[in-house]
Amino acid sequence: MIRVLLADDQSLVRAGFKALLDAQPDIEVAGEAADGEQALRMVRELRPDVVLMDIRMPKLDGLAATRRITDEAELTDVKVVMLTTFELDEYVFEAIRSGASGFLVKDTEPEELLRAVRAVVGGDALLSPGVTRRLIAEFAARSKEPAAADALGELTEREREVMALVGIGLSNDEIARRLVVSPLTAKTHVSRTMVKLGARDRAQLVVLAYESGLVRPGWLG
């Protein structure tokens with residue numbers, strides 16, 4: 001059972017999400033929070049698998065709450081998905097840097113919300129490929145000069161290749177087809193790369209791919 005915490009200051013939004021999530025046989029809403037401070041307390045208490053976190057909330061905004069959650073070692077397994085009114089909300093990109101596993105717009109289709117919750121728990125994808133590529137494109141446009149690539153020294157050539165493909169938004173299945181390997185092999189390479197780099201999830205792997213200079217903005221088609 002996937003346990004989800006809803007953090008949004010609008011009760012109507014929480015009610016809609018709760019009705020959708022609780023209707024699924026493999027998902028349950030573990031709790032609801034109306035502000036960032038309450039969300040942080042409830043994450044520590046309930047240890048949900050996923051937090052659907054609104055960016056703009058009173059007392060402590062979603063971005064600050066996400067930083068606090070991802071900074072606590074005992075909360076490593078908690079995945080944070082940011083909720084925003086706009087797909088390219090300026091705070092979303094900082095949230096990804098801070099450890100959020102992805103983001104959703106509040107008016108997303110129900111099927112996409114359910115798929116996203118299951119995806120971040122499984123660690124197989126950063127939400128949908130389409131959303132991922134928009135995120136990457138915007139991140140690339142905002143990115144700083146690449147940092148030194150010394151951190152990639154432990155990676156094999158194949159792991160660097162896989163990381164670059166993750167960085168341009170390919171799913172595990174797409175990586176498998178590109179490299180002519182099985183999806184399981186592709187997933188294993190991605191997982192090993194994240195472990196070696198200390199990446200919390202696929203989202204941070206994308207960020208590292210750009211910040212290390214392994215992937216350049218001009219690679220985006």
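**View 1. Strands β1 and β2 run side by side.** Two strands count as paired if DSSP finds at least two bridges between them. Keep in mind that what you see here is a predicted model. In this close-up, β1 covers residues 2-7 and β2 covers residues 27-33. The two strands pair in the parallel sense, and six bridges link them.

**View 2. Five strands build an open sheet.** Reading across, the order is β2-β1-β3-β4-β5, and the pairing is parallel. Which strands stand at the edges? They are β2 and β5 (102-105); each has a single partner strand, so one side of each has no neighbour in the sheet. Neighbouring strands are turned by 25° against each other on average, if you ignore direction. As background, strands of a sheet pair through backbone hydrogen bonds, and they can do so in a parallel or an antiparallel way.

View 3. Strand β3 takes in residues 50-54, and it pairs with β1 in the parallel sense over four bridges.

**View 4. Helices α2 and α3 cross at roughly 20°.** Helix α2 is residues 36-46, helix α3 is residues 62-71, and their axes come within 9 Å. Why call α2 roughly parallel to α3? Their axes cross at roughly 20°, and angles under 35 degrees count as roughly parallel, so that is how α2 lies relative to α3. The crossing of α2 past α3 is right-handed. On the α2 side you'll find G36, L40, V43 and R44, which meet A65, R68 and I69 of α3. Sorted by class, this contact has four nonpolar, one polar and two charged residues.

**View 5. Helices α7 and α8 pack at about 130°.** Helix α7 (residues 157-167) and helix α8 (residues 172-179) have their axes 10 Å apart. Their angle of about 130° makes α7 oblique to α8. Helix α7 passes α8 in a right-handed crossing. Look for R158, E161, V162, L165 and V166 in α7: they meet I175, R178 and L179 in α8. What classes of residue does the contact of α7 with α8 have? There are five nonpolar and three charged residues, with no polar ones.

**View 6. Helices α9 and α10 pack at about 70°.** Here you're looking at α9, residues 183-197, and α10, residues 202-211, with axes 10 Å apart. The angle of about 70° between them makes α9 roughly perpendicular to α10. From α9, the contact uses V190, T193, M194 and L197, while α10 brings R202, L205 and L208. By class, that gives five nonpolar residues, one polar and one charged.

Conventions: Residues numbered from 1 in each chain as written. Predicted model: local features only at pLDDT ≥ 70, side-chain atom pairs only at ≥ 80, totals over all residues. Heavy atoms only, no water. Axes fitted to C-alpha atoms, helices over the stretch in contact; angles between N-to-C directions. Parallel < 35°, antiparallel > 145°, perpendicular 65-115°, else oblique. Contact = heavy atoms within 4.5 Å. Nonpolar A, V, L, I, M, F, W, Y, C, P; charged D, E, K, R; others polar. Left-handed = near helix turned anticlockwise from the far one by under 90°.
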